[in-house]
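Please look through the sequence and the structure below before reading on.

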Amino acid sequence: MDKPIGHDNAHKGLYPYIEPYDQRLLDVGDGHRVYVEQCGNPDGMPVVVLHGGPGGGCSPTMRRFFDPAHYRVILFDQRGCGRSKPSASTHENTTAHLLADIELIRNTLEISRWVVFGGSWGATLALAYTQAQPQAVAHVVLRGVFMGTRAELDWFYGGGAARFFPELWAQFTRAIPEDEHGDLIAAYSKRLFSGDIHEENRFARAWTRWENALASIETRGLLGADAPSDYARAFARLENHYFSNGCFLGEDGALMNGLWKMTNVPGTIVQGRYDMICPPTTAWELHRNWGRSRLEMVGLSGHALSEPAIARELVRVMNQMRHVEM
């Protein structure tokens with residue numbers, strides 16, 4: 001769950017734009033090729049960036065949170081999105097597949113341990129990866145925590161957030177017959193996977209609009225320009241695919257129940273106080289149960305990575321970590 005990062009709001013404190021020194025399509029099997037890039041210092045502290053969505057993809061702005069003289073920054077587009085091929089594909093696309101892809105990237109790049117940096121769905125994936133491979137993780141940095149639970153999905157797609165944005169909710173639901181409003185994820189699924197490309201694109205734009213409208217504390221409604229159809233279709237189909245399947249995490253609450261697997265891994269949580277997509281209670285409960293985390297609650301901020309105060313805090317956190325021993 002994440003607003004796509006395509007526009008830079010000229011945040012003060014972000015590092016200048018840099019170009020990758022390495023770009024490749026990595027064959028991860030199952031007919032998928034995953035886009036991977038590296039930028040910054042090839043001999044620096046490795047940090048892997050896990051983007052949101054599922055389906056959001058990485059952007060050049062995501063390179064700018066890290067001191068390029070110190071960090072070796074690895075970004076990749078998860079299966080089915082961004083520059084990975086094939087686009088919008090849900091075939092052999094589950095959390096287990098993504099975790100295996102992350103390990104393949106680490107081993108291919110010959111990295112022993114790295115910092116894991118993820119926001120929204122990227123935070124979900126960061127926690128799942130750390131619980132699966134704790135020996136490979138030196139530190140976890142999370143933003144806008146989402147843990148893939150039924151309660152979180154009910155909040156956003158079951159009417160919780162709608163209490164604050166009733167007019168936007170009405171626009172999100174109006175294309176769905178009222179007798180299907182009891183399960184909007186399922187209702188959208190039928191249309192996002194209908195086989196009619198025009199219908200899929202139309203409902204993909206509606207799905208993406210609802211999330212984008214609530215991502216920033218300065219909500220501008222659903223009147224802005226739509227995301228390009230190819231992007232919206234990949235984003236909406238992949239999100240819906242994962243959310244229809246409990247994010248492929250097994251039992252509800254699996255990540256909270258699995259925190260014991262990462263008791264030796266420290267972490268930092270950056271959370272917008274007024275996050276309407278991933279409310280702060282989840283970040284608080286994670287922090288309370290983790291034991292080795294620090295929680296930074298950022299005032300007057302919503303969900304998106306592009307929120308100025310959140311961006312500044314993430315840069316500050318990563319600058320402090322330049323002195324951490326790997």
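Predicted model: local features only at pLDDT ≥ 70, side-chain atom pairs only at ≥ 80, totals over all residues.

Residues are numbered from 1 along each chain as its sequence is written, and side-chain values use heavy atoms, with hydrogens and water left out.

**Strand β4**
- Six of the six residues of strand β4 (residues 71-76) are buried, so the strand is largely enclosed by the rest of the structure; buried means under 20% relative accessible area with a 1.4 Å probe, protein chains only, and a strand is a DSSP run of E with at least two residues.
- In a regular strand the side chains alternate between the two faces of the sheet.
- Tyr71, Val73 and Leu75 point one way from β4, whereas Arg72, Ile74 and Phe76 point the other way.

**Partners of β4**
- Strand β2 (residues 32-40) pairs with β4 in the antiparallel sense over five bridges, where pairing requires that DSSP finds at least two bridges between the strands, and Val36 has Phe76 in β4 as its bridge partner.
- Strand β3 (residues 45-50) pairs with β4 in the parallel sense, also over five bridges, and here the bridge partner of Val48 is Ile74.

Conventions:
Buried < 20%, exposed > 50% of the residue type's maximum accessible area, 1.4 Å probe, protein only. Helix = DSSP H or I, 4+ residues; strand = E, 2+ residues; numbered from the N terminus.
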